[in-house]
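Welcome! Take a moment to look over the sequence and the 3D structure below, and then let us walk through them together.

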Amino acid sequence: MAEYRAPFETYKAKVVEVTIGKGDRAIKIGGENVLAFNQTFDQGDFPNSPKIALEVWDKEPYGWTPGCLEPVKDVVGDPAAWAKRCVEALGAEAIFLYLISTDPNEDDTSPEVAAETAKKVYEACGVPLIVFGTGNEEKDPLILTKVAEALSGENLLLGPVLKEDYEPIANAAKEHGHCVVAQAPIDINLQKELDVKLMRILPPERIVLDPLAPALGYGLEYGFSIFERTKHVGVIFNDQTMQMPLIANFSFEVWRQKEPKENEEMGVYWELITAITYLEAGANLLVMRHPEVYKIIKEMIAEA
Amino acid sequence: MVIIGENIHILSKKVSEALSNKDAKVIQEMAKAQAEAGVDYIDLNIGPARKNPDIMAWLVETVQEVVDLPLSLDSTNPQAVEAGLKVAKWPPLINSASGRTDSKEQMLPLATKYKCDVVISVLNDQGIPADAEARAESIMDTVTYANELGIENERIWVDPIIMPVSVDQKAVMEAMEFTKMLQDLLPGVKSTVGLSNVSNGTPKELRGILNRTYLVMLQKCGLYSAIADAFDQELMDLVKGRAPEIVELIHKVMDGEDIDADSLPPKERDYVKTAKVLMGESLYSHTWLEL
């Protein structure tokens with residue numbers, strides 16, 4: 001009898017490799033030609049393991065569970081010091097700077113001040129920087145173009161860019177050498193449409209996709225489906241408009257829910273399950289908040 | 001391909017105003033224009049017509065005065081359909097019944113009573129079936145029920161229910177798959193679709209090519225008829241055999257031939273790209289023609 005051979009799959013396409021940051025602080029994400037964690041079973045490589053960014057706000061955080069702030073609680077008033085601590089004490093591979101204060105409903109911080117904050121954080125942290133506005137389609141272009149200019153040539157990851165505001169932000173990213181996050185609201189057809197438009201301005205090597213990443217109990221299964229389907233379409237069916245790496249930006253989503261807020265232990269599991277789910281679905285870059293969960297996920301990725 | 005002109009539809013502002021004012025002239029102009037465009041039936045869609053089911057009788061009489069085509073009485077309200085049946089000069093098409101309990105009990109018996117044809121959709125009490133097999137299962141049940149009421153297969157027009165490609169690309173393929181199976185499942189039945197639904201949600205200027213391409217594809221799968229825009233001249237040309245080159249090109253895409261769309265003239269290129277999206281070869285987005 002012939003020897004049994006386990007079946008394996010080979011796919012015709014691969015995820016685009018995106019570099020964020022420059023010089024010795026650069027990280028790479030994407031580049032795989034298999035589905036997440038299937039390199040053991042199938043024919044292919046997963047050259048860049050998923051990376052994790054820790055969340056930093058540009059203002060004193062509110063509504064955060066104490067445990068999330070434990071290692072940084074003495075420095076949260078200063079985003080640069082906060083980011084530096086994330087890297088030095090926790091080993092963050094990237095910083096996700098959330099410019100929440102720029103929202104007109106928060107402090108309506110000016111583009112100049114926001115850009116100054118981004119610059120200070122970038123100089124202090126020594127790792128690649130992701131800079132996010134609040135999704136306000138009028139304010140974000142003003143903020144993000146200013147940030148792009150202030151850190152020209154540093155290859156930041158700027159986002160979110162939406163179908164309403166992608167042009168000014170993508171043009172600024174092109175001019176100043178940055179990458180962008182293309183965000184569509186849990187809809188694979190709208191994601192593709194935005195990608196097609198964005199690719200007229202930027203090459204795919206400068207684009208990361210954000211289909212939104214809802215938390216456990218609040219739409220996680222929808223998020224999972226879209227992440228998984230994006231990888232299927234890109235890697236298995238070679239759709240070149242859907243081959244960019246995926247960012248799973250769920251920490252804010254997890255910790256604003258009632259259950260994690262009321263019970264920190266439960267919250268830890270909440271973020272953990274959410275993180276693992278998006279990794280399984282194919283996320284290349286995670287945004288996380290709780291230091292303990294961060295450590296567990298980092299170990300899991302290292303061992304995978 | 002039998003074309004049922006869809007243009008007398010309650011969702012059209014012009015039609016809904018004409019109905020509430022009983023403005024016969026507007027309706028008659030529309031009916032005549034559709035007849036001139038070459039439709040085989042005229043659909044009279046009055047929606048559920050809860051308040052005034054008798055409007056169907058007025059509508060049927062109004063249209064019959066000027067046009068000799070058979071009519072399709074389109075309402076979910078059996079009272080409205082019966083009002084039209086009572087005054088129709090020629091046996092019309094009942095559009096439509098389904099596998100839902102209320103429809104089986106109230107709409108289907110009308111086809112027996114008035115000895116006319118009836119559209120039966122795959123819808124049932126559980127909703128719209130997910131794939132071709134589930135559609136088959138649902139329609140078998142309903143057609144068996146109809147047969148027991150004395151409605152033979154030849155009088156039944158099966159509607160596979162078309163979903164918008166922007167909502168559910170897979171369902172677009174499942175409906176084709178189901179249409180292919182239909183003659184084996186239920187020999188002798190006819191079939192029809194509400195074609196324009198495939199492009200619901202797609203930007204207006206792009207709807208026509210989706211409708212036209214899909215109809216050519218469904219025709220190849222054996223579709224007998226469609227409720228469609230009578231004034232889309234290109235659509236009429238395609239399904240009535242007056243544009244064989246385009247039809248052949250779409251068939252090649254369906255047969256899996258490797259066609260380089262970009263090497264073709266613009267019109268042919270667009271049809272090939274559209275057929276590929278409808279075959280599920282590439283993920284749908286509103287920008288499909290630009291890729």
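## Where the chains meet

Nine residues of chain B and nine residues of chain A make up the contact, where two residues touch if their C-beta atoms, placed from the backbone, lie within 7 Å. On the side of chain B that touches chain A, three residues are nonpolar, five polar and one charged; here Ala, Val, Leu, Ile, Met, Phe, Trp, Tyr, Cys and Pro count as nonpolar, Asp, Glu, Lys and Arg as charged, and the others, Gly among them, as polar.

A few notes on reading this: the model is predicted, so local features need pLDDT of at least 70 and side-chain atom pairs count only at pLDDT 80 or more, while totals for chains, interfaces and linings use all residues. Residues are numbered from 1 along each chain as its sequence is written, and chains are lettered from A and ligands numbered from 1 in the order in which they are written.

## Chain A as a whole

Chain A holds eleven helices and ten strands; these are DSSP runs, numbered from the N terminus, with helices (H or I) of at least four residues and strands (E) of at least two. Its radius of gyration is 19 Å, which agrees with the value near 19 Å for a compact globule of 304 residues; the radius is taken over C-alpha atoms, and the globule rule is 2.2 Å times the number of residues to the power 0.38. Of the 304 residues, 51% count as buried. A residue is buried if 20 or more other C-beta atoms lie within 10 Å of its own, exposed if 12 or fewer, and partly exposed in between, with C-beta atoms placed from the backbone.

## The barrel of chain B

In chain B, eight strands form a closed barrel in the order 1-2-3-4-5-6-7-8, with parallel pairing (two strands pair if DSSP finds at least two bridges between them). Strand 7 (residues 190-194) and strand 8 (residues 225-228) of chain B are parallel partners over three bridges. Across them, B:Thr192 has B:Ser225 as its bridge partner.

## Backbone details

| Cis bond | Omega | Strand of the second residue |
|---|---|---|
| A:Gly159 and A:Pro160 | about -10 degrees | strand 6 (residues 157-161) of chain A |
| B:Asn95 and B:Ser96 | about 5 degrees | strand 4 (residues 93-99) of chain B |

A:Asp108 has a positive phi of about 50 degrees, though it is not a glycine. A:Asp108 counts as exposed because it has 11 C-beta neighbours inside 10 Å.
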